[in-house]
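Student: I have a chain on my screen and would like to learn how to read it. Can we take it feature by feature?

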Amino acid sequence: MCEFTVYLNGREDSDVVATNVIKSKIREGGVSLMDSSGKTYRIEDADIMTVDSIMAEMHLRSRA
């Protein structure tokens, strides 16, 4: 199973919004994420830009 590190608007440690993410869904108003422990995250006003399974990274862009 691939677990992603999710970044918002960059690749720095300060841009990490979630780690060990195994599921993502585009929802009205943002993106929902779930990590391997079942914890959920809601990133408001964001879009998925890239998903890289080789680097295990997902990049989001803020609409704001």
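Student: What should I know before starting?

Tutor: This is a predicted model, where local features need pLDDT of at least 70, side-chain atom pairs count only at pLDDT 80 or more, and totals for chains, interfaces and linings use all residues. Residues are numbered from 1 along each chain as its sequence is written, and side-chain values use heavy atoms, with hydrogens and water left out.

Student: How many helices and strands does the chain have?

Tutor: Start with the rule. Helices (H or I, at least four residues) and strands (E, at least two) are DSSP runs, numbered from the N terminus. Here there are six strands and zero helices. Along the sequence the pattern reads β-β-β-β-β-β. The radius of gyration is 11 Å, close to the 11 Å from the globule rule for 64 residues, so the chain is as compact as a globular protein of that length. That radius is taken over C-alpha atoms, and the rule is 2.2 Å times the number of residues to the power 0.38. Along its principal axes, the C-alpha trace spans about 30 × 25 × 20 Å.

Student: What share of the residues counts as buried?

Tutor: Buried means under 20% relative accessible area, exposed over 50%, and partly exposed in between (1.4 Å probe, protein chains only). By that rule, 28% of the 64 residues are buried. The chain exposes about 4,200 Å², and carbon and sulfur atoms supply 47% of that area. Such areas come from the Shrake-Rupley method with a 1.4 Å probe; for residues, only the protein chains shown count as cover.

Student: Which residues make up the largest nonpolar core?

Tutor: The general idea first. In soluble globular proteins, nonpolar side chains tend to be buried together. A nonpolar core is a set of buried Ala, Val, Leu, Ile, Met, Phe, Trp, Tyr and Cys residues joined through side-chain atoms within 4.5 Å. In this chain the largest such core has 11 residues: F4, V6, A18, V21, V31, L33, Y41, I43, A46, M58 and L60. At least two residues of this core come from each of β1 (4–8), β2 (16–27), β3 (30–35), β4 (40–44) and β6 (57–62).

Student: Which residues does L60 contact, beyond its neighbours within four places in sequence?

Tutor: Contact means heavy atoms within 4.5 Å. L60 sits in strand β6. Its partners include V6, V31, I43 and A46. Why is L60 called buried? Because its relative accessibility is 2%. A18 is another core residue.

Student: Where does T50 lie, and what does T50 touch?

Tutor: T50 is in strand β5. Not counting residues up to four places away in sequence, T50 touches E57, M58 and H59. T50 and L60 are 10 residues apart in sequence and 7.2 Å apart in space, C-alpha to C-alpha. At 39% relative accessibility, T50 counts as partly exposed.

Student: How far apart are the mean positions of the positive and negative charges?

Tutor: Lys and Arg count as positive and Asp and Glu as negative, while His and the chain ends are not counted. Each charge is placed at NZ of Lys, CZ of Arg, CG of Asp or CD of Glu. The chain has 8 positive and 11 negative charges, and their mean positions are 8 Å apart.
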